[in-house]
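Here's a quick guided tour to read with the model open beside you. Take it one section at a time and find each piece as you go.

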Amino acid sequence: MAIAFDEMNIPGGDLRPAYQELARWLKETPPEALEYRRQEAELLFRRIGITFAVYGEAESTERLIPFDVIPRIMSGKEWALLEKGLKQRVRALNMFLRDIYHGRDILRAEVVPDDLIFQNPVFRPEMNGQQVPHDVYVHIAGIDIVRVDAEDFIVLEDNARTPSGVSYMLENREIMMRLFPDLFARHKVAPVERYPDELLAALRSVAPQSASGEPTVALLTPGVYNSAYYEHSFLADKLGIELVEGRDLIVKNNEVFMRTTEGLKRVDVIYRRVDDDFLDPLTFRPDSVLGVPGLMSAYAAGNITLANAVGTGIADDKAIYSYMPDIVKFYLGEEPILKNVQTWRCREPKDLAYVLDNLGELVVKEVHGSGGYGMLIGPAATKATIEAFREKLKREPEGFIAQPTLALSTCPTCTASGLAPRHVDLRPFVLTGSKRTTIVPGGLTRVALKEGSLVVNSSQGGGTKDTWILDE
(Lines give C-alpha, C1' and ligand atoms only; values in the text may rest on other atoms or scores of the structure.)
Protein backbone atom coordinates (compact mmCIF):
# COMPACT_ATOMS: atom_id res chain seq x y z
CA MET A 1 0.00 0.00 0.00
CA ALA A 2 1.19 3.53 -0.80
CA ILE A 3 2.57 5.77 1.93
CA ALA A 4 -0.22 7.98 3.25
CA PHE A 5 -0.14 11.72 2.64
CA ASP A 6 0.69 13.44 5.95
CA GLU A 7 -1.33 16.65 6.26
CA MET A 8 1.02 18.15 8.84
CA ASN A 9 4.53 17.04 7.90
CA ILE A 10 6.36 17.32 4.61
CA PRO A 11 8.76 14.42 3.94
CA GLY A 12 12.22 15.69 4.91
CA GLY A 13 11.13 17.20 8.20
CA ASP A 14 9.43 20.48 7.26
CA LEU A 15 5.92 21.43 8.34
CA ARG A 16 3.08 22.40 6.04
CA PRO A 17 2.33 26.12 6.58
CA ALA A 18 -1.20 25.59 7.99
CA TYR A 19 0.23 23.50 10.86
CA GLN A 20 3.21 25.65 11.88
CA GLU A 21 1.43 27.48 14.69
CA LEU A 22 -0.12 24.26 16.04
CA ALA A 23 3.31 22.61 16.07
CA ARG A 24 4.74 25.51 18.10
CA TRP A 25 1.82 25.30 20.53
CA LEU A 26 2.27 21.52 20.92
CA LYS A 27 5.96 22.05 21.75
CA GLU A 28 5.01 24.51 24.51
CA THR A 29 2.18 22.39 25.96
CA PRO A 30 3.20 19.65 28.42
CA PRO A 31 1.71 16.23 27.51
CA GLU A 32 -0.08 15.99 30.88
CA ALA A 33 -1.83 19.33 30.23
CA LEU A 34 -3.05 17.99 26.90
CA GLU A 35 -4.20 14.75 28.53
CA TYR A 36 -6.07 16.72 31.21
CA ARG A 37 -7.95 18.70 28.56
CA ARG A 38 -8.65 15.55 26.58
CA GLN A 39 -10.35 14.04 29.64
CA GLU A 40 -12.21 17.29 30.23
CA ALA A 41 -13.52 17.16 26.66
CA GLU A 42 -14.77 13.62 27.20
CA LEU A 43 -16.50 14.70 30.40
CA LEU A 44 -18.23 17.57 28.58
CA PHE A 45 -19.45 15.25 25.82
CA ARG A 46 -20.82 12.85 28.42
CA ARG A 47 -22.53 15.67 30.28
CA ILE A 48 -24.15 17.04 27.11
CA GLY A 49 -25.14 13.49 26.23
CA ILE A 50 -23.86 13.33 22.68
CA THR A 51 -24.31 9.70 21.86
CA PHE A 52 -25.25 7.59 18.89
CA ALA A 53 -26.75 4.13 18.86
CA VAL A 54 -24.90 1.15 17.46
CA TYR A 55 -27.12 -1.47 15.87
CA GLY A 56 -26.41 -5.13 16.38
CA GLU A 57 -24.51 -4.78 19.66
CA ALA A 58 -26.44 -6.40 22.44
CA GLU A 59 -24.42 -5.04 25.35
CA SER A 60 -24.16 -1.41 24.33
CA THR A 61 -26.92 0.48 22.61
CA GLU A 62 -25.48 3.95 23.06
CA ARG A 63 -21.87 5.00 22.76
CA LEU A 64 -19.96 8.19 23.01
CA ILE A 65 -18.19 9.01 19.76
CA PRO A 66 -14.55 9.48 20.75
CA PHE A 67 -13.37 13.07 20.21
CA ASP A 68 -9.78 13.90 19.38
CA VAL A 69 -8.65 17.30 20.64
CA ILE A 70 -5.96 17.96 18.01
CA PRO A 71 -7.70 19.99 15.30
CA ARG A 72 -7.37 19.20 11.63
CA ILE A 73 -6.22 22.35 9.84
CA MET A 74 -6.62 23.42 6.22
CA SER A 75 -5.48 26.59 4.50
CA GLY A 76 -8.03 29.04 3.09
CA LYS A 77 -6.65 28.35 -0.37
CA GLU A 78 -7.24 24.59 -0.08
CA TRP A 79 -10.75 25.23 1.18
CA ALA A 80 -11.56 27.62 -1.69
CA LEU A 81 -10.80 24.85 -4.20
CA LEU A 82 -12.78 22.26 -2.24
CA GLU A 83 -15.76 24.60 -1.85
CA LYS A 84 -15.84 25.29 -5.59
CA GLY A 85 -15.74 21.56 -6.31
CA LEU A 86 -18.51 20.78 -3.80
CA LYS A 87 -20.83 23.42 -5.26
CA GLN A 88 -20.22 22.05 -8.75
CA ARG A 89 -20.94 18.49 -7.67
CA VAL A 90 -24.14 19.27 -5.76
CA ARG A 91 -25.42 21.37 -8.66
CA ALA A 92 -24.89 18.39 -10.96
CA LEU A 93 -26.60 16.04 -8.46
CA ASN A 94 -29.69 18.27 -8.37
CA MET A 95 -29.80 18.52 -12.17
CA PHE A 96 -29.40 14.75 -12.48
CA LEU A 97 -32.31 14.11 -10.09
CA ARG A 98 -34.57 16.58 -11.89
CA ASP A 99 -33.73 14.91 -15.20
CA ILE A 100 -34.23 11.34 -13.97
CA TYR A 101 -37.74 12.18 -12.74
CA HIS A 102 -38.66 14.34 -15.78
CA GLY A 103 -37.11 14.43 -19.27
CA ARG A 104 -34.45 11.70 -18.82
CA ASP A 105 -32.08 13.30 -21.33
CA ILE A 106 -29.12 11.55 -19.70
CA LEU A 107 -30.65 8.13 -20.38
CA ARG A 108 -31.44 9.01 -24.00
CA ALA A 109 -27.83 10.16 -24.39
CA GLU A 110 -26.79 6.74 -23.00
CA VAL A 111 -24.48 8.31 -20.42
CA VAL A 112 -26.05 6.22 -17.63
CA PRO A 113 -27.69 2.82 -18.38
CA ASP A 114 -31.50 2.69 -18.01
CA ASP A 115 -31.61 -0.42 -15.85
CA LEU A 116 -29.37 1.19 -13.27
CA ILE A 117 -32.18 3.70 -12.69
CA PHE A 118 -35.39 1.76 -13.27
CA GLN A 119 -34.37 -1.47 -11.55
CA ASN A 120 -32.93 0.42 -8.61
CA PRO A 121 -34.87 -0.11 -5.36
CA VAL A 122 -34.27 3.54 -4.35
CA PHE A 123 -35.72 4.95 -7.59
CA ARG A 124 -39.18 6.35 -6.74
CA PRO A 125 -41.64 6.15 -9.66
CA GLU A 126 -44.02 8.24 -7.50
CA MET A 127 -41.71 11.20 -8.22
CA ASN A 128 -42.06 10.97 -12.01
CA GLY A 129 -43.17 14.38 -13.27
CA GLN A 130 -43.49 15.71 -9.72
CA GLN A 131 -42.44 19.37 -9.45
CA VAL A 132 -40.29 20.28 -6.46
CA PRO A 133 -39.89 23.97 -5.50
CA HIS A 134 -37.01 25.65 -7.37
CA ASP A 135 -35.90 22.22 -8.69
CA VAL A 136 -33.95 21.61 -5.48
CA TYR A 137 -33.93 17.92 -4.58
CA VAL A 138 -30.88 17.81 -2.31
CA HIS A 139 -31.13 20.70 0.13
CA ILE A 140 -28.61 19.17 2.53
CA ALA A 141 -25.76 17.10 1.10
CA GLY A 142 -22.95 15.46 3.05
CA ILE A 143 -20.12 14.77 0.61
CA ASP A 144 -17.39 12.49 1.97
CA ILE A 145 -13.96 13.73 0.91
CA VAL A 146 -10.54 12.11 1.22
CA ARG A 147 -7.04 13.24 0.28
CA VAL A 148 -4.15 11.16 -0.98
CA ASP A 149 -1.83 14.03 -1.92
CA ALA A 150 -1.45 17.81 -1.53
CA GLU A 151 -3.21 18.63 -4.80
CA ASP A 152 -6.46 16.72 -5.08
CA PHE A 153 -9.65 16.23 -3.15
CA ILE A 154 -11.37 12.94 -3.91
CA VAL A 155 -15.05 12.19 -3.30
CA LEU A 156 -15.53 8.88 -1.51
CA GLU A 157 -19.32 9.03 -1.51
CA ASP A 158 -22.26 11.39 -1.91
CA ASN A 159 -24.85 11.40 0.87
CA ALA A 160 -27.99 12.86 -0.66
CA ARG A 161 -30.73 11.31 1.49
CA THR A 162 -30.49 12.24 5.17
CA PRO A 163 -26.80 12.99 5.85
CA SER A 164 -25.99 13.08 9.55
CA GLY A 165 -23.08 14.31 11.66
CA VAL A 166 -23.47 18.08 11.53
CA SER A 167 -24.27 18.27 15.26
CA TYR A 168 -20.79 16.87 15.94
CA MET A 169 -19.23 19.56 13.74
CA LEU A 170 -20.99 22.24 15.84
CA GLU A 171 -20.38 20.61 19.23
CA ASN A 172 -16.73 19.86 18.46
CA ARG A 173 -16.14 23.53 17.72
CA GLU A 174 -17.94 24.68 20.87
CA ILE A 175 -15.91 22.36 23.07
CA MET A 176 -12.61 23.30 21.42
CA MET A 177 -13.32 27.00 21.96
CA ARG A 178 -14.04 26.32 25.61
CA LEU A 179 -11.01 24.15 26.27
CA PHE A 180 -8.39 25.69 23.97
CA PRO A 181 -8.95 29.47 23.88
CA ASP A 182 -5.16 29.97 23.78
CA LEU A 183 -4.82 27.86 20.62
CA PHE A 184 -7.73 29.69 18.97
CA ALA A 185 -6.15 33.05 19.78
CA ARG A 186 -3.13 32.07 17.68
CA HIS A 187 -5.17 31.20 14.55
CA LYS A 188 -7.78 32.92 12.42
CA VAL A 189 -10.30 30.11 12.23
CA ALA A 190 -13.34 30.58 9.97
CA PRO A 191 -16.57 30.21 12.03
CA VAL A 192 -19.03 27.32 11.65
CA GLU A 193 -21.66 28.51 14.10
CA ARG A 194 -23.80 30.15 11.43
CA TYR A 195 -24.78 26.72 10.08
CA PRO A 196 -28.22 26.63 11.82
CA ASP A 197 -29.10 30.09 10.42
CA GLU A 198 -27.94 29.08 6.94
CA LEU A 199 -29.93 25.85 7.14
CA LEU A 200 -33.10 27.61 8.29
CA ALA A 201 -32.74 30.25 5.55
CA ALA A 202 -32.27 27.52 2.90
CA LEU A 203 -35.31 25.58 4.14
CA ARG A 204 -37.55 28.67 4.26
CA SER A 205 -36.43 29.72 0.78
CA VAL A 206 -37.87 26.54 -0.77
CA ALA A 207 -41.30 26.75 0.90
CA PRO A 208 -44.28 26.10 -1.40
CA GLN A 209 -45.92 29.08 -3.13
CA SER A 210 -48.98 28.68 -0.91
CA ALA A 211 -46.92 29.17 2.28
CA SER A 212 -47.46 32.11 4.60
CA GLY A 213 -45.02 35.05 4.69
CA GLU A 214 -42.90 33.37 7.37
CA PRO A 215 -42.97 29.68 6.38
CA THR A 216 -43.30 27.17 9.20
CA VAL A 217 -40.54 24.57 9.27
CA ALA A 218 -40.57 21.39 11.36
CA LEU A 219 -38.02 18.59 11.80
CA LEU A 220 -39.51 15.11 11.40
CA THR A 221 -37.70 12.46 13.46
CA PRO A 222 -38.34 8.69 13.66
CA GLY A 223 -38.17 9.19 17.44
CA VAL A 224 -35.95 8.53 20.43
CA TYR A 225 -34.90 5.05 19.30
CA ASN A 226 -33.20 6.34 16.16
CA SER A 227 -29.39 6.34 16.24
CA ALA A 228 -29.22 10.04 15.34
CA TYR A 229 -31.99 11.22 17.66
CA TYR A 230 -29.56 13.37 19.63
CA GLU A 231 -28.78 15.27 16.43
CA HIS A 232 -32.46 15.71 15.54
CA SER A 233 -33.28 17.32 18.90
CA PHE A 234 -30.05 19.36 18.82
CA LEU A 235 -30.83 20.80 15.37
CA ALA A 236 -34.50 21.53 16.08
CA ASP A 237 -33.36 23.42 19.16
CA LYS A 238 -30.67 25.38 17.29
CA LEU A 239 -33.05 26.24 14.44
CA GLY A 240 -35.84 27.19 16.82
CA ILE A 241 -38.30 24.85 15.06
CA GLU A 242 -40.61 22.11 16.31
CA LEU A 243 -39.27 18.56 16.56
CA VAL A 244 -42.14 16.31 15.46
CA GLU A 245 -42.85 12.62 15.02
CA GLY A 246 -45.26 11.25 12.42
CA ARG A 247 -48.07 11.06 14.96
CA ASP A 248 -47.78 14.83 15.63
CA LEU A 249 -48.72 15.61 12.01
CA ILE A 250 -52.00 15.27 10.18
CA VAL A 251 -52.99 15.84 6.54
CA LYS A 252 -56.28 17.62 5.76
CA ASN A 253 -57.34 18.69 2.25
CA ASN A 254 -53.80 17.99 1.03
CA GLU A 255 -52.29 20.36 3.59
CA VAL A 256 -50.05 19.28 6.48
CA PHE A 257 -50.76 20.44 10.02
CA MET A 258 -49.04 19.83 13.33
CA ARG A 259 -50.93 19.37 16.54
CA THR A 260 -50.08 22.10 19.04
CA THR A 261 -51.53 23.13 22.39
CA GLU A 262 -53.34 25.94 20.51
CA GLY A 263 -54.82 23.57 17.95
CA LEU A 264 -53.66 22.68 14.44
CA LYS A 265 -50.93 24.75 12.78
CA ARG A 266 -50.02 24.49 9.11
CA VAL A 267 -46.51 23.26 8.26
CA ASP A 268 -44.84 24.40 5.01
CA VAL A 269 -41.44 22.71 5.05
CA ILE A 270 -40.46 19.41 6.65
CA TYR A 271 -36.76 18.75 7.26
CA ARG A 272 -37.20 15.03 7.40
CA ARG A 273 -34.81 12.58 8.99
CA VAL A 274 -37.09 9.65 8.14
CA ASP A 275 -36.29 7.46 5.11
CA ASP A 276 -38.55 7.42 2.03
CA ASP A 277 -39.89 3.94 2.86
CA PHE A 278 -41.43 5.10 6.12
CA LEU A 279 -42.72 8.57 5.13
CA ASP A 280 -46.29 7.73 4.20
CA PRO A 281 -47.97 4.36 4.86
CA LEU A 282 -50.51 5.09 2.08
CA THR A 283 -47.75 5.34 -0.56
CA PHE A 284 -44.78 3.37 0.74
CA ARG A 285 -44.55 0.74 3.46
CA PRO A 286 -48.07 0.24 4.83
CA ASP A 287 -46.67 -1.02 8.15
CA SER A 288 -44.80 2.22 8.89
CA VAL A 289 -45.82 3.98 12.08
CA LEU A 290 -43.13 6.64 11.66
CA GLY A 291 -44.73 8.50 8.78
CA VAL A 292 -47.79 10.60 8.05
CA PRO A 293 -50.75 9.10 6.12
CA GLY A 294 -51.48 11.31 3.10
CA LEU A 295 -48.14 13.17 3.19
CA MET A 296 -47.35 12.21 -0.41
CA SER A 297 -50.66 13.55 -1.71
CA ALA A 298 -49.99 16.90 0.02
CA TYR A 299 -46.51 16.75 -1.57
CA ALA A 300 -47.95 16.01 -5.03
CA ALA A 301 -50.39 18.92 -4.60
CA GLY A 302 -47.42 21.21 -3.98
CA ASN A 303 -48.48 22.19 -0.45
CA ILE A 304 -45.46 20.90 1.44
CA THR A 305 -41.72 20.88 0.75
CA LEU A 306 -39.75 17.86 1.92
CA ALA A 307 -36.03 18.32 2.47
CA ASN A 308 -34.44 16.33 1.10
CA ALA A 309 -36.89 15.46 -1.65
CA VAL A 310 -38.28 11.96 -2.01
CA GLY A 311 -36.25 9.75 -4.37
CA THR A 312 -32.82 11.31 -3.82
CA GLY A 313 -31.41 7.88 -2.89
CA ILE A 314 -30.75 7.27 -6.57
CA ALA A 315 -28.05 9.96 -6.42
CA ASP A 316 -26.10 8.40 -3.57
CA ASP A 317 -26.16 4.89 -4.96
CA LYS A 318 -22.56 3.69 -5.27
CA ALA A 319 -23.03 2.39 -8.81
CA ILE A 320 -24.37 5.80 -9.92
CA TYR A 321 -21.38 7.33 -8.10
CA SER A 322 -19.09 5.71 -10.67
CA TYR A 323 -20.78 7.81 -13.38
CA MET A 324 -20.47 11.13 -11.51
CA PRO A 325 -17.60 12.55 -13.63
CA ASP A 326 -19.77 11.94 -16.75
CA ILE A 327 -22.84 13.36 -14.99
CA VAL A 328 -20.97 16.59 -14.15
CA LYS A 329 -19.76 16.93 -17.76
CA PHE A 330 -23.21 16.13 -19.18
CA TYR A 331 -25.16 18.77 -17.24
CA LEU A 332 -22.57 21.49 -16.69
CA GLY A 333 -20.24 21.02 -19.64
CA GLU A 334 -17.34 21.29 -17.18
CA GLU A 335 -14.53 19.04 -16.05
CA PRO A 336 -15.16 17.81 -12.47
CA ILE A 337 -13.07 19.77 -9.93
CA LEU A 338 -13.28 16.92 -7.41
CA LYS A 339 -12.01 13.53 -8.48
CA ASN A 340 -13.76 10.20 -8.13
CA VAL A 341 -12.12 7.05 -6.81
CA GLN A 342 -11.48 4.56 -9.62
CA THR A 343 -14.45 2.21 -9.44
CA TRP A 344 -15.09 -1.25 -10.89
CA ARG A 345 -18.77 -1.98 -11.48
CA CYS A 346 -19.26 -5.64 -10.61
CA ARG A 347 -22.42 -5.69 -12.78
CA GLU A 348 -20.10 -5.52 -15.83
CA PRO A 349 -18.51 -8.95 -16.59
CA LYS A 350 -15.08 -7.49 -17.41
CA ASP A 351 -14.97 -5.53 -14.14
CA LEU A 352 -16.27 -8.50 -12.15
CA ALA A 353 -13.51 -10.75 -13.52
CA TYR A 354 -10.87 -8.20 -12.47
CA VAL A 355 -12.39 -7.81 -8.99
CA LEU A 356 -12.59 -11.57 -8.39
CA ASP A 357 -8.93 -11.92 -9.38
CA ASN A 358 -7.81 -9.09 -7.07
CA LEU A 359 -10.12 -9.34 -4.03
CA GLY A 360 -7.17 -9.28 -1.65
CA GLU A 361 -6.16 -5.75 -2.73
CA LEU A 362 -9.54 -4.07 -3.16
CA VAL A 363 -12.30 -2.52 -1.09
CA VAL A 364 -15.68 -3.97 -2.10
CA LYS A 365 -18.86 -2.09 -1.11
CA GLU A 366 -22.58 -2.77 -1.39
CA VAL A 367 -24.13 -0.28 -3.81
CA HIS A 368 -26.77 0.65 -1.22
CA GLY A 369 -24.60 0.17 1.85
CA SER A 370 -23.77 2.89 4.35
CA GLY A 371 -22.10 3.32 7.72
CA GLY A 372 -19.20 1.03 6.83
CA TYR A 373 -21.42 -2.05 7.09
CA GLY A 374 -21.34 -4.89 4.56
CA MET A 375 -18.00 -4.03 2.99
CA LEU A 376 -14.81 -5.99 2.43
CA ILE A 377 -11.40 -4.39 2.93
CA GLY A 378 -9.25 -6.88 1.07
CA PRO A 379 -5.83 -6.16 2.59
CA ALA A 380 -7.25 -6.42 6.14
CA ALA A 381 -9.49 -9.46 5.57
CA THR A 382 -8.82 -13.12 6.37
CA LYS A 383 -8.72 -15.72 3.59
CA ALA A 384 -12.03 -17.17 4.80
CA THR A 385 -13.75 -13.76 4.73
CA ILE A 386 -12.46 -13.13 1.21
CA GLU A 387 -13.73 -16.51 0.00
CA ALA A 388 -17.16 -15.96 1.57
CA PHE A 389 -17.32 -12.55 -0.13
CA ARG A 390 -16.28 -14.10 -3.44
CA GLU A 391 -19.36 -16.36 -3.35
CA LYS A 392 -21.58 -13.38 -2.51
CA LEU A 393 -20.13 -11.45 -5.46
CA LYS A 394 -20.71 -14.29 -7.90
CA ARG A 395 -24.29 -14.70 -6.67
CA GLU A 396 -25.23 -11.03 -6.89
CA PRO A 397 -22.60 -9.02 -8.78
CA GLU A 398 -24.96 -6.09 -9.47
CA GLY A 399 -25.13 -5.43 -5.72
CA PHE A 400 -21.46 -4.40 -5.47
CA ILE A 401 -18.74 -2.05 -6.67
CA ALA A 402 -15.01 -2.28 -5.96
CA GLN A 403 -12.33 0.35 -5.47
CA PRO A 404 -8.58 0.36 -4.81
CA THR A 405 -7.57 0.58 -1.14
CA LEU A 406 -6.76 4.27 -0.74
CA ALA A 407 -4.00 5.46 1.56
CA LEU A 408 -6.20 8.08 3.25
CA SER A 409 -4.28 11.14 4.46
CA THR A 410 -3.24 11.30 8.12
CA CYS A 411 -3.44 13.95 10.84
CA PRO A 412 -1.73 14.04 14.24
CA THR A 413 -4.00 12.41 16.82
CA CYS A 414 -3.80 11.76 20.59
CA THR A 415 -3.12 8.10 21.29
CA ALA A 416 -2.20 6.17 24.43
CA SER A 417 1.47 6.50 23.46
CA GLY A 418 1.42 10.21 22.55
CA LEU A 419 0.73 11.97 19.28
CA ALA A 420 0.64 9.73 16.21
CA PRO A 421 -0.72 9.96 12.66
CA ARG A 422 -4.18 8.49 12.08
CA HIS A 423 -6.21 8.30 8.85
CA VAL A 424 -8.99 10.86 8.31
CA ASP A 425 -11.79 11.82 5.98
CA LEU A 426 -14.01 14.92 5.85
CA ARG A 427 -17.75 15.40 5.46
CA PRO A 428 -18.59 19.01 4.54
CA PHE A 429 -22.31 19.91 4.56
CA VAL A 430 -23.59 21.63 1.43
CA LEU A 431 -26.83 23.63 1.75
CA THR A 432 -28.88 24.50 -1.33
CA GLY A 433 -31.78 26.96 -1.18
CA SER A 434 -33.79 28.66 -3.91
CA LYS A 435 -31.12 31.23 -4.75
CA ARG A 436 -27.76 30.01 -3.52
CA THR A 437 -25.61 27.18 -2.28
CA THR A 438 -23.64 27.68 0.94
CA ILE A 439 -21.10 25.60 2.80
CA VAL A 440 -19.87 26.59 6.24
CA PRO A 441 -16.06 26.40 6.19
CA GLY A 442 -15.10 23.01 7.58
CA GLY A 443 -17.24 19.97 8.20
CA LEU A 444 -16.99 16.80 10.19
CA THR A 445 -13.53 15.23 10.22
CA ARG A 446 -13.75 11.55 11.07
CA VAL A 447 -10.63 9.76 12.25
CA ALA A 448 -9.80 6.03 12.34
CA LEU A 449 -8.47 5.66 15.89
CA LYS A 450 -7.05 2.15 15.55
CA GLU A 451 -3.48 2.19 14.29
CA GLY A 452 -3.35 1.38 10.58
CA SER A 453 -7.16 1.29 10.31
CA LEU A 454 -8.80 2.99 7.33
CA VAL A 455 -12.38 2.74 8.65
CA VAL A 456 -13.45 6.11 10.02
CA ASN A 457 -17.16 5.34 10.54
CA SER A 458 -18.32 5.96 14.10
CA SER A 459 -20.29 2.71 13.95
CA GLN A 460 -16.95 0.94 13.41
CA GLY A 461 -14.99 2.62 16.21
CA GLY A 462 -13.95 5.85 14.49
CA GLY A 463 -13.75 9.23 16.23
CA THR A 464 -14.11 12.88 15.24
CA LYS A 465 -12.00 16.06 15.21
CA ASP A 466 -12.69 19.76 14.90
CA THR A 467 -11.87 21.02 11.37
CA TRP A 468 -10.21 24.42 11.13
CA ILE A 469 -10.22 26.41 7.91
CA LEU A 470 -7.78 29.29 8.22
CA ASP A 471 -9.31 32.64 7.28
CA GLU A 472 -6.47 33.99 5.21
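## Strand 5 and its partners

Strand 5 (residues 154–159) and strand 13 (residues 339–340) run in the parallel sense and pair over 2 bridges. Strands here are DSSP E runs of at least two residues, helices are H or I runs of at least four, and both are numbered from the N terminus. Two strands count as paired if DSSP finds at least two bridges between them. Opposite Val-155 you'll find Asn-340 of strand 13.

Strand 5 also pairs with strand 4, this time in the antiparallel sense, over 5 bridges. Val-155 turns up here too, as the bridge partner of Ile-145. Strand 5 is mostly covered, with 5 of its 6 residues buried. Buried means under 20% relative accessible area, exposed means over 50%, and partly exposed is in between (1.4 Å probe, protein chains only).

## A quick word on the model

This is a predicted model, where local features need pLDDT of at least 70 and side-chain atom pairs count only at pLDDT 80 or more, while totals for chains, interfaces and linings use all residues. Residues are numbered from 1 along each chain as its sequence is written, and side-chain values use heavy atoms, leaving out hydrogens and water.

## Two crossing helices

Now look for helix 3 (residues 76–100) and helix 12 (residues 324–332): their axes come within 9 Å and cross at roughly 80°. The axes are lines fitted to C-alpha atoms over the stretch in contact, with angles from 0 to 180 degrees between N-to-C directions. The two helices are therefore roughly perpendicular to each other, a label for angles of 65 to 115 degrees.

The contact residues divide into 10 nonpolar, 1 polar and 3 charged. Nonpolar covers Ala, Val, Leu, Ile, Met, Phe, Trp, Tyr, Cys and Pro; charged covers Asp, Glu, Lys and Arg; the others, Gly among them, are polar.

## The nonpolar cores

A nonpolar core is a set of buried Ala, Val, Leu, Ile, Met, Phe, Trp, Tyr and Cys residues joined through side-chain atoms within 4.5 Å. The largest has 77 residues, and Phe-96, Val-112 and Ile-327 have the most contacts inside it. Helix 3 gives the most to this core, with 9 residues.

Apart from this core lies another one of 29 residues, including Met-8 and Val-189.

Pro-125 sits in the loop between helix 5 (114–118) and strand 4 (140–146).

Definitions and conventions:
Angles under 35 degrees count as roughly parallel, over 145 as roughly antiparallel, 65 to 115 as roughly perpendicular and the rest as oblique.
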